[in-house]
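Let's walk through this structure together, one step at a time. Keep the sequence and the 3D view side by side as you read.

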Amino acid sequence: MKANQTVLKEFILVGFSSYPHVRTFLFVLFFGLYLLTLTGNLAILGLTWADRSLHTPMYLFLRALSFSETCYTLTIIPKMLADLLTEKRSISVPGCGLQMYFFLGLGGTHCIILTLMGYDRFLAICHPLRYPLLMTNVVCGQLVVSAWAGGFLISVTETALIFGGSFCTPNLIHHFFCHMRAVVRLSCLDSDLTELLVTMISVSGLTGTFLLIVTTYVFILSTVFRIPSAEGKQKAFSTCASHLTVVIVHFGFAAIVYLKPEGSGGDDTLIAVPYTVITPFLSPLIFSLRNRDMKNAFRKLLAKRSFWNT
């Protein structure tokens, strides 16, 4: 048992207090990135809803991804921005539990949807004749619901493990949000086993979904290389480019956060910024700029608006 047992009602988020001279700059930077992230995801949601040509499984998955990412950023960034402007950076224990629950659940959902998008591309390229039968909009909807259920099943397990006991003073979370490793270390009980369990669950989820995506791309590449024409190969690669880029960015930054060994040095607060701020900003940007259908849908929307305004 740890010393200083007490019933804590709130935690203090240390966050960026170690960088007092750049907090205003960080607020402006993160607020700008957050607005751009929201704009990008809302644009994808609007375009994939308004343009009937985008009512296909590929873009239904993209819509689900943008929605989960919008919710994901809402759980972290507004609180972080508010804390950058105030000296009182507290969060109640139940509020911390809810933030962790939604952060982990939406993060898990995000990984599963990225995996499903890879599976969708695998069916479209490796089994093009059977694709319309195997991947209907109904099946796509069922898979998205399963992704949300799977993500939050993992989340409720990890959150219950961490918040199942009481917490001891000092109540300082050395992070800008309720990161599971930072919170579990405040447990009054021996936290090593709990930390090991929740870390193993997160790492297993990340590596499992990543390996599934890698497996699908092994089959995709083997099929693409057998396509005789260069134009056919380029078309096949173009449908996967955006997804593959986002997968590399997402899992790359996640690996830095969750696979960083203990005692390896580095500020956990700064290390988490790319995963929580930069990745959500890049994702809609990549899917919008590298996708011809999305750009065409945006042009059609602008043309309609200009037509009605004349």
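The crossing of helices α3 and α5 is right-handed. A crossing gets this label if the near helix is turned clockwise from the far one by less than a right angle, and it is left-handed if the turn is anticlockwise. Helices here are DSSP runs of H or I with at least four residues, strands are runs of E with at least two, and both are numbered from the N terminus. Helix α5 covers residues 137-163, and its axis comes within 7 Å of the axis of α3, at an angle of roughly 145°. Each axis is a line fitted to C-alpha atoms, for helices over the stretch in contact, and the angle between N-to-C directions runs from 0 to 180 degrees. Sorted by class, the residues of this contact are 18 nonpolar, 8 polar and 1 charged. Nonpolar covers Ala, Val, Leu, Ile, Met, Phe, Trp, Tyr, Cys and Pro; charged covers Asp, Glu, Lys and Arg; the others, Gly among them, are polar.

A word on what you are looking at: this is a predicted model, in which local features need pLDDT of at least 70 and side-chain atom pairs count only at pLDDT 80 or more, while totals for chains, interfaces and linings use all residues. Residues are numbered from 1 along each chain as its sequence is written, and side-chain values use heavy atoms, with hydrogens and water left out.

Now find G97, which sits in helix α3. G97 is buried, at 11% relative accessibility; buried means under 20% relative accessible area, exposed means over 50%, and partly exposed lies in between, with a 1.4 Å probe and protein chains only. Leaving aside neighbours within four places in sequence, G97 is in contact with T159 and F163, where contact means heavy atoms within 4.5 Å. G97 and A160 are 63 residues apart in sequence, yet their C-alpha atoms are 8.8 Å apart in space.

Which other helix packs with α3? Helix α8 (residues 230-258) does, and α3 (residues 93-126) meets α8 at about 150°, with the two axes 11 Å apart. The two helices are therefore roughly antiparallel, a label for angles over 145 degrees; under 35 counts as roughly parallel, 65 to 115 as roughly perpendicular and the rest as oblique. The crossing of α3 and α8 is left-handed. On the α3 side, the contact includes F103, L104 and H110, and on the α8 side it includes A236, T239 and Y258. By class, this contact holds 12 nonpolar, 5 polar and 1 charged residues.

Is S202 buried or exposed? S202 is buried, with a relative accessible area of 11%.

Next, look for charged partners. The whole structure has 6 salt bridges, each a side-chain nitrogen of Lys or Arg within 4 Å of a carboxyl oxygen of Asp or Glu. One of them joins E10 and K88, at 4.0 Å from N to O. E10 belongs to strand β1 (residues 10-13) and K88 to the loop between α2 (57-84) and β2 (90-92), so this pair ties together parts that are 78 residues apart in sequence. E10 is partly exposed at 32%, whereas K88 is exposed at 55%.

Another salt bridge links E87 and R23, at 3.4 Å from N to O. E87 lies in the loop between α2 and β2 and R23 in helix α1 (residues 23-50), so the bridge ties together parts 64 residues apart in sequence. E87 is exposed, at 62%, while R23 is buried, at 10%. R23 and E87 also form a network of salt bridges with R89.

K79 and D83 form a salt bridge too, at 3.3 Å from N to O. Both lie in helix α2, 4 residues apart, about one turn of the helix. K79 is partly exposed at 24%, and D83 is buried at 7%.

Finally, step back to the whole chain. The protein chain has 10 helices and 3 strands. Of its 310 residues, 46% count as buried. Among contacts between residues at least 6 apart in sequence, 79% join residues at least 24 apart.
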